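Here is a short report on a protein model. Keep the sequence and the 3D view open as you read.

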Amino acid sequence: MPSADLTDQLEQLHVTAFGWALSCCDWDRSAAEDVLQASYLKLLDGRARFDGRSSFRTFVFGVIARTAREVRRRALLRRSIPLASWLLGPEPVDGGPDPATALARADETARLMRALGRLSVRQRQVLHLVFYEDLTIAEAADVAGVSLGTARTHYERGKAALKRLLEEESE
Amino acid sequence: MKERDDRHLKQAFEALRREAAAGTPPFQGTVAAARARHTAAPRRALGLAAVVGAAIVAVVSVSTWRARQGGRLEIDLATVRWQAPTDFLLKLPGDELLRSVPQLGLRSNDRGTL
């Protein structure tokens, strides 16, 4: 794909891609920006190449999910091995929302984020992809790198758990 | 009931999406930052390669210098010979007769002088 076309397509997806990066990074804004930059870099320098087997959006989301996993692993390495931080570069600062933003955050949104945080990573990913990104369960399975059956199970169980948690939160 | 629940979830996620969209960094800025990382990464790799190279050069030069200085450790066995306290048990009576050369002519001479 020519570089100009790739940039245009990425620009169209940018807002949803950032939302997905946020979800992959537990809503840590700074980490999400870091992951998104690393993902764009992979796409722009050709390390991640779109081969047309899925939709472009599914492909980009898959790259973001893999990059987020790499960043998490690197962060773990940094904490567990001395001098690793020097070799791997500085760790992104905690990008949680500032107090003003946190206060302004709608109550319902805050409840949803708390409830999502209590789900398993896979359940959270599948629900986010289906409800937030409007992907089908099959597309979500592709992005999360699991089979369709597994994605369906995560979707059903995650949805039930999320409803229960939201009800608990509102009581 | 199920559909209503799903609609409720969809609305909640929609609110989350609106909030996240409002705080999305500009696309051009993200791409520019990604490209800046691209140029910073080789610099880091170059720095790492330089450090490793310097360490190898240091190790090689130190070992060469030590070899030139006669760094091989030579031990004079005569000076470090150790004697066990029980060595005397290995000495046999008349041991010195076996170690010395018999002098055959000496006894006849002695007899002559007597």
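In which loop of chain A is A:D134 found? A:D134 sits in the loop between α7 and α8 of chain A.

## About the model

This is a predicted model, in which local features need pLDDT of at least 70, side-chain atom pairs count only at pLDDT 80 or more, and totals for chains, interfaces and linings use all residues. Residues are numbered from 1 along each chain as its sequence is written, while chains are lettered from A and ligands numbered from 1 in the order in which they are written.

## The two chains

Chain A has nine helices and zero strands. Helices (H or I, at least four residues) and strands (E, at least two) are DSSP runs, numbered from the N terminus. Read from that end, the elements of chain A run α-α-α-α-α-α-α-α-α. Chain B has four helices and zero strands, in the order α-α-α-α from the N terminus.

Burial is a matter of counting neighbours. A residue is buried if 20 or more other C-beta atoms lie within 10 Å of its own, exposed if 12 or fewer, and partly exposed in between; the C-beta atoms are placed from the backbone. Of the 171 residues of chain A, 37% count as buried. For the 114 residues of chain B, the figure is 5%.

Contacts come next. Two residues are in contact if their C-beta atoms, placed from the backbone, lie within 7 Å. Take the contacts in chain A between residues at least 6 apart in sequence: 64% of them join residues at least 24 apart.

## The nonpolar core

A nonpolar core is a set of buried Ala, Val, Leu, Ile, Met, Phe, Trp, Tyr and Cys residues joined through C-beta atoms within 7 Å. The largest one here has 46 residues. Those with the most contacts inside it are A:A21, A:V35, A:I64 and A:A140. Elements that give two or more residues to this core include α1 (3–24), α2 (29–44) and α3 (56–80) of chain A, and also α1 (2–22) of chain B. The most comes from α2(A), with eight residues. The core draws at least three residues from each of domain 1 (1–96) and domain 2 (97–171) of chain A. These domain bounds come from an automatic or database domain assignment.

Which residues does A:A21 contact, leaving aside its neighbours within four places in sequence? They are A:A32, A:V35, A:L36, A:I64 and A:A68.

## Where the chains meet

The contact between the chains takes 26 residues from chain A and 23 residues from chain B. On the chain A side, α1, α2, α6, α7 and α9 each supply at least two residues. Again α2(A) gives the most, this time with seven residues.

By class, the chain A side has 13 nonpolar, five polar and eight charged residues. Here Ala, Val, Leu, Ile, Met, Phe, Trp, Tyr, Cys and Pro count as nonpolar, Asp, Glu, Lys and Arg as charged, and the others, Gly among them, as polar.

## Helices α8 and α9

In chain A, α8(A) and α9(A) pack at an angle of about 105°, with their axes 9 Å apart. That makes α8(A) roughly perpendicular to α9(A). Axes are lines fitted to C-alpha atoms, for helices over the stretch in contact, and angles run from 0 to 180 degrees between N-to-C directions. Angles of 65 to 115 degrees count as roughly perpendicular, under 35 as roughly parallel, over 145 as roughly antiparallel and the rest as oblique.

From α8(A), A:I137, A:A138, A:A140, A:A141 and A:A144 meet A:L148, A:T150, A:A151, A:R152 and A:Y155 in α9(A). These contact residues divide into eight nonpolar, one polar and one charged.

## Two residues of α7

A:L129 is found in helix α7 of chain A. Is A:L129 buried or exposed? A:L129 is buried, because 26 other C-beta atoms lie within 10 Å. Not counting residues up to four places away in sequence, A:L129 touches A:L135, A:A140 and A:V143.

With 23 C-beta neighbours inside 10 Å, A:V130 counts as buried. A:V130 and A:A140 are 10 residues apart along the chain, and their C-alpha atoms are separated by 6.8 Å.

A:D134 counts as partly exposed, with 13 C-beta neighbours inside 10 Å.

A:W27 is found in the loop between α1 and α2 of chain A. A:W27 is not a glycine, yet has a positive phi of about 65°. With 18 C-beta neighbours inside 10 Å, A:W27 counts as partly exposed.
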